[in-house]
Amino acid sequence: MHIVVCIKQVPDSAQIRVHPVTNTIMRQGVPTIINPYDLFALEEALRLRDRLGGEVTVLTMGPPSAEDSLRKALVFGANRAVLLTDRFFAGSDTLATTFALATAITKISETYGKPDIVFTGKQTIDGDTAQVGPGIAKRLGLLQLTYVSKVGDYDAANGTIDVERRSEGGTQMLRSKMPVLITMLEGTNEIRRGTMADTLRAARAEVVKWNAKDAGVEDLSKCGLKGSPTIVKRVFAPGPRAEKAAFVEAGEGNPADALIDEIFKRQPTLEAEMTALARGF
Amino acid sequence: MSEPNKAPAPAAAGRAATKKELPEHFKAYKHVWVYVEVERGQVHPVSWELMGAGRTLANKLGVDLAAVVLGPEGEPLRAAVAESFCYGADLAYVVASDVLTDYRNESYTAAMTDLVNTYKPEILLLGATTLGRDLAGAVATTLLTGLTADCTELDVDADGSLAATRPTFGGSLLCTIYTLNYRPQMATCRPRVMSMPERVEKLVGKVIEHPLGIVEDDIVTKVLSFLPDRDSAKSNLAYADVVVAGGMGLGSPENFQLVRQLAQTLGAEYGCSRPLVQKGWVTSDRQIGQTGKTIRPKLYIAAGISGAIQHRVGVEGADLIVAINTDKNAPIFDFAHVGLVTDAIRLLPALTEAFAKRLSAHSSDKLAS
Ligand SMILES: Cc1cc2nc3c(=O)[nH]c(=O)nc-3n(C[C@H](O)[C@H](O)[C@H](O)COP(=O)(O)OP(=O)(O)OC[C@H]3O[C@@H](n4cnc5c(N)ncnc54)[C@H](O)[C@@H]3O)c2cc1C
Ligand SMILES: Nc1ncnc2c1ncn2[C@@H]1O[C@H](COP(=O)(O)O)[C@@H](O)[C@H]1O
């Protein structure tokens with residue numbers, strides 16, 4: 001079985017600061033990490049490979065420094081890493097990103113064998129759209145299984161795979177046919193620790209680097225800013241509310257009572273409604 | 001949805017000059033559509049929230065607002081169509097087929113893209129639910145158009161373009177995104193981000209029936225079974241009238257019980273900030289904020305929560321935000337309406353008791369009268 005996992009290197013947004021005057025991101029010194037959601041996809045892929053045999057190829061599109069994330073994926077046990085990097089890809093929105101990644105997956109397919117499953121994370125913490133997975137699926141004509149919480153039985157004879165998929169009010173049990181694209185739900189597994197052997201292998205391993213041409217991109221107008229139908233016109237910081245909170249001072253009294261008074265004073269209808277709620281009406 | 005690396009202000013300024021140059025074949029695209037999400041007979045309320053937002057856009061543009069309803073023929077489907085008119089739709093496009101009984105990407109994408117290609121809307125809005133996100137991504141890629149995900153604000157510009165605003169960089173900034181030269185302009189919004197419009201009884205509206213172009217045999221993915229959530233509260237948090245939440249200030253999972261107790265006394269739902277989920281104190285379906293649920297209760301009580309921007313975006317729609325925090329400079333006081341600077345671990349039990357007294361006194365009044 002050949003499995004491709006798409007991972008993205010993202011700024012550790014817990015550490016992102018916004019410049020108070022210019023409203024721009026202060027990137028200096030912000031460490032990068034593998035998008036946390038992608039680790040669930042990677043681990044699931046590794047487990048499937050361990051169970052069924054085969055290979056895991058990790059793929060990322062990003063600046064040359066995204067090689068770090070790929071090396072980390074190799075430490076976790078991925079067999080091969082491909083970095084798609086070219087200035088033509090800069091400024092890609094979802095549609096342009098899926099064009100580049102889908103083209104690269106086609107190239108991977110020709111070079112290293114046809115993937116049975118392509119995994120992505122549920123979403124990124126910087127782009128945060130959850131749309132790149134579905135986009136890749138459509139472009140490659142793969143069946144799309146999003147928000148998968150469990151990958152179950154694989155029937156080699158019929159080429160089917162069973163998955164559990166999170167839907168709005170419950171869980172769908174689905175049977176689909178390979179090749180499929182799966183976006184993995186968070187919290188479904190825990191990324192393994194790399195073994196010593198994998199760490200040593202990863203340090204020496206070669207990361208395959210492709211530019212647009214290497215990856216087989218013929219139409220550059222579908223890449224980067226040019227290939228992006230969406231345009232960011234304005235970036236701004238959320239405005240503060242007009243006034244700060246009114247602080248409740250209890251004085252000598254009971255602060256709990258003072259707080260409740262303040263709540264009901266501000267929302268007079270709430271008292272009756274809450275009485276009904278509290279009584280389970 | 002745009003990659004953040006094109007977001008910073010200087011780069012954006014250059015592009016701001018970009019003008020709309022709509023290709024000839026897109027000029028026929030007109031009207032605003034809202035996808036009405038019906039799953040297992042139930043309409044997701046986010047559809048009506050979007051209908052409210054869609055109405056405003058349609059009025060500004062002077063065009064029609066249409067509902068798109070997909071599903072198996074039957075009473076629930078027809079009820080959803082009728083409800084669409086009550087929430088403001090001028091007309092409804094309906095694809096009724098047994099193939100659409102369970103949500104599957106293949107059949108729903110086929111239905112939606114076919115409708116778009118036939119009737120050509122300029123704007124298409126969907127809920128950012130698991131279903132809506134699954135569908136929107138596939139439809140946008142199939143149509144090769146732009147999609148702005150998880151918008152917090154929708155507007156139209158002087159030239160009639162959709163201005164879709166969404167958080168970026170983990171919520172630290174907002175950006176406004178345009179799909180100038182492609183149609184339809186697609187956007188999703190999370191449940192509870194837009195306010196619920198008023199429902200007005202309305203009996204008629206134009207219904208346009210459209211056939212589904214594919215049959216069951218064309219669809220590879222089969223639904224083996226469906227397991228509904230046992231904990232119905234999972235889906236209720238977003239729609240609760242009163243929500244009590246706790247954060248790291250509570251210090252321990254035991255103290256989080258105080259939040260549960262207050263919620264129980266109030267008949268409210270409880271929630272938490274993200275670190276509590278990461279620590280495994282509370283399950284992830286209780287997380288409130290950018291990567292959790294968006295809530296719009298009448299009353300939100302936050303205990304020991306600092307009010308980071310990612311939390312703030314999930315609660316800003318609440319009518320009344322009450323914050324309890326030991327630090328009077330905590331950011332939560334910048335957007336809470338009422339604040340109390342005190343130890344939540346001590347206040348919560350007192351608050352539970354005082355509320356219990358107050359509310360039970362009331363209900364016995366009522367029972368007596
Ligand atoms: C990509 C991304 C997405 C995120 N998404 C979310 C999200 O969806 N939801 C979310 O909540 N967070 C989210 N976060 C995390 C967010 O940035 C904050 O780290 C988090 O909200 C902080 O949680 P907290 O307020 O509970 O904890 P802290 O920031 O540690 O704050 C604890 C607060 O409790 C107060 N306190 C301490 N002791 C007491 C006491 N005894 N009584 C009363 N107050 C006390 C302190 O003064 C402090 O203000 C996200 C972060 C990132 C990077
Ligand atoms: N530049 C990229 N390189 C590789 N994979 C990506 C990239 N961007 C997004 N993805 C994948 O697509 C998923 C969804 O991303 P997003 O639509 O940005 O939320 C991520 O979890 C990744 O698996």
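How many helices and strands does the secondary structure of chain B come to? In this predicted model, the secondary structure of chain B comes to ten helices and 18 strands, where helices (H or I, at least four residues) and strands (E, at least two) are DSSP runs numbered from the N terminus.

Residues are numbered from 1 along each chain as its sequence is written, while chains are lettered from A and ligands numbered from 1 in the order in which they are written. Local features need pLDDT of at least 70 and side-chain atom pairs count only at pLDDT 80 or more, whereas totals for chains, interfaces and linings use all residues; side-chain values use heavy atoms, with hydrogens and water left out.

**View 1. Chain B as a whole.** The radius of gyration of chain B, taken over C-alpha atoms, is 23 Å, close to the 21 Å that the globule rule gives for 369 residues, so chain B is as compact as a globular protein of that length. The globule rule is 2.2 Å times the number of residues to the power 0.38. Taken along the principal axes, the box filled by the C-alpha atoms of chain B is roughly 65 × 55 × 45 Å.

**View 2. Ligand 1 between chains A and B.** Ligand 1 lies between chains A and B and is surrounded by 28 residues, of which the closest are Ser273(B), Thr291(B), Ser306(B), Gln310(B) and Asn325(B); a residue is near a molecule if one of its heavy atoms lies within 4 Å of it. The shell around ligand 1 divides into nine nonpolar, 16 polar and three charged residues, with Ala, Val, Leu, Ile, Met, Phe, Trp, Tyr, Cys and Pro counted as nonpolar, Asp, Glu, Lys and Arg as charged, and the others, Gly among them, as polar.

View 3. With a polar contact taken as a pair of N or O atoms within 3.5 Å, an oxygen atom of ligand 1 is 2.7 Å from a side-chain N or O atom of Gln310(B), and an oxygen atom of ligand 1 is 2.8 Å from a side-chain N or O atom of Gln287(B). A nitrogen atom of ligand 1 is 3.3 Å from a polar backbone atom of Gly249(B). The protein covers 80% of the 980 Å² of accessible area that ligand 1 has on its own, an area that comes from the Shrake-Rupley method with a 1.4 Å probe. Two or more residues of the shell come from each of α8 (274-278), α9 (309-315), β17 (320-325) and α10 (344-368) of chain B.

**View 4. Surroundings of ligand 2.** Among the 18 residues around ligand 2, those that come nearest are Cys6(A), Asp38(A), Thr124(A), Thr129(A) and Ala130(A). Oxygen atoms of ligand 2 lie 2.7 Å from a backbone N or O atom of Cys6(A), 2.9 Å from a backbone N or O atom of Gly121(A) and 3.0 Å from a polar backbone atom of Gln131(A). The protein covers 99% of the 490 Å² of accessible area that ligand 2 has on its own. β6(A) gives the most to this shell, with three residues.

**View 5. Two cis peptide bonds.** Met178(A) and Pro179(A) are joined by a cis peptide bond with omega about -5°, and Pro179(A) has its place in the loop between β11 (170-177) and β12 (180-184) of chain A. The peptide bond from Arg183(B) to Pro184(B) is also cis, with omega near -10°, and Pro184(B) is found in the loop between β10 (173-178) and β11 (185-189) of chain B.

Terms used. A polar contact is a pair of N or O atoms within 3.5 Å; within protein, one must be able to donate a hydrogen and the other to accept it, and residues adjacent in sequence count only if both atoms are side-chain atoms.
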